[in-house]
Amino acid sequence: MLVRRIARPLLAAPFVYGGISTLRKPQDRVPGAAPVVEKIAETADKQLPVQVPRDVQQWVQADAAVKVAAGSLFALGKAPRLTALVLSASIVPTTLAGHRFWEHEDPTERFGQISNFLKNTGLLGGLLLAAVDTEGKPSVGYRARKTAKAAAVATEKSFEKAQKRAAKAQKKAEKKLKKKR
């Protein structure tokens, strides 16, 4: 559909552009990302059997690479539901790291951070819609239920036919037995 061909690249553009910009100059994002990376690493260390790397610049670069790759694939319409989910997962920590409006006292700076925070939540909403978009096709669950129901009906019909054949065969056998007596 034409709308999807236009909307996907528009939705992907901020991710691709931001990812490339961050890959070129990751040190600009490191200070904002440090508290979020620390929190994620701390939580992961408690939950996982391995220690999570704490190099903030490495995390920033990995996130940027994910944004460029997933954003490009999404814009091209390749695995759009999966790439939308990947971008959704990526934008949450980015938003929490880069737009911490609650930490700013200056009203102008706070307003700018709130605006960017809300812009990112709007992007997240668009990505979530894209993640569940089946492009007019029924969902996998619907198709599975429909196939299962058709299989059950076909099995029931086959069973009924087999019962009828067995009943006929039994009658024939009974007639032959009566003739022999």
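Predicted model: local features only at pLDDT ≥ 70, side-chain atom pairs only at ≥ 80, totals over all residues.
Side chains of opposite charge can pair when their charged atoms come close. In this model, the count comes to seven salt bridges. One of them joins Asp-133 to Arg-4, with the closest N and O atoms 2.5 Å apart. This pair brings together distant parts of the chain, as its partners are 129 residues apart. Asp-133 sits in the loop between helix H5 (107-132) and H6, whereas Arg-4 belongs to helix H1. The two partners also fall into separate accessibility classes: Asp-133 is partly exposed, at 22% relative accessibility, while Arg-4, with a relative accessible area of 19%, is buried because the limit for that class is under 20%.

Two further pairs can be set beside this one. Arg-100 and Glu-103 meet through their side chains in a salt bridge with an N to O distance of 2.9 Å. Here Arg-100 counts as buried, at 18% relative accessibility, and Glu-103 as partly exposed, at 48%. Elsewhere, salt bridges with shared partners connect Glu-38, Asp-45 and Arg-54 into one network. Another salt bridge is formed between the side chains of Asp-28 and Lys-25, at 3.8 Å from N to O. Lys-25 is partly exposed, its relative accessible area being 44%.

Attention now turns to Thr-22. This residue is part of helix H1, which spans residues 2-24. Apart from neighbours within four places in sequence, Thr-22 is in contact with Arg-29, Val-60 and Ala-64. Tyr-142, by comparison, lies 120 residues from Thr-22 in sequence, and the C-alpha atoms of the two are 41 Å apart in space.

A positive surface patch is made up of Lys-157, Lys-161, Lys-164, Arg-165, Lys-168, Lys-171, Lys-172, Lys-175, Lys-176, Lys-178, Lys-179 and Lys-180. Arg-165, one of these residues, is located in helix H6, which runs through residues 140-180. Its relative accessibility is 59%, so Arg-165 counts as exposed, the class for values over 50%.

Technical notes. Residues numbered from 1 in each chain as written. Heavy atoms only, no water. Patch = residues over 30% accessible without salt bridge, like charges linked within 9 Å, V, L, I, M, F, W, Y side chains within 5 Å. Areas by Shrake-Rupley, 256 points an atom, 1.4 Å probe, with all protein chains shown as cover. Salt bridge = Lys/Arg side-chain N within 4 Å of Asp/Glu carboxyl O. Lys, Arg positive; Asp, Glu negative; His and termini not counted. Charge placed at Lys NZ, Arg CZ, Asp CG, Glu CD. Helix = DSSP H or I, 4+ residues; strand = E, 2+ residues; numbered from the N terminus. Buried < 20%, exposed > 50% of the residue type's maximum accessible area, 1.4 Å probe, protein only. Contact = heavy atoms within 4.5 Å.
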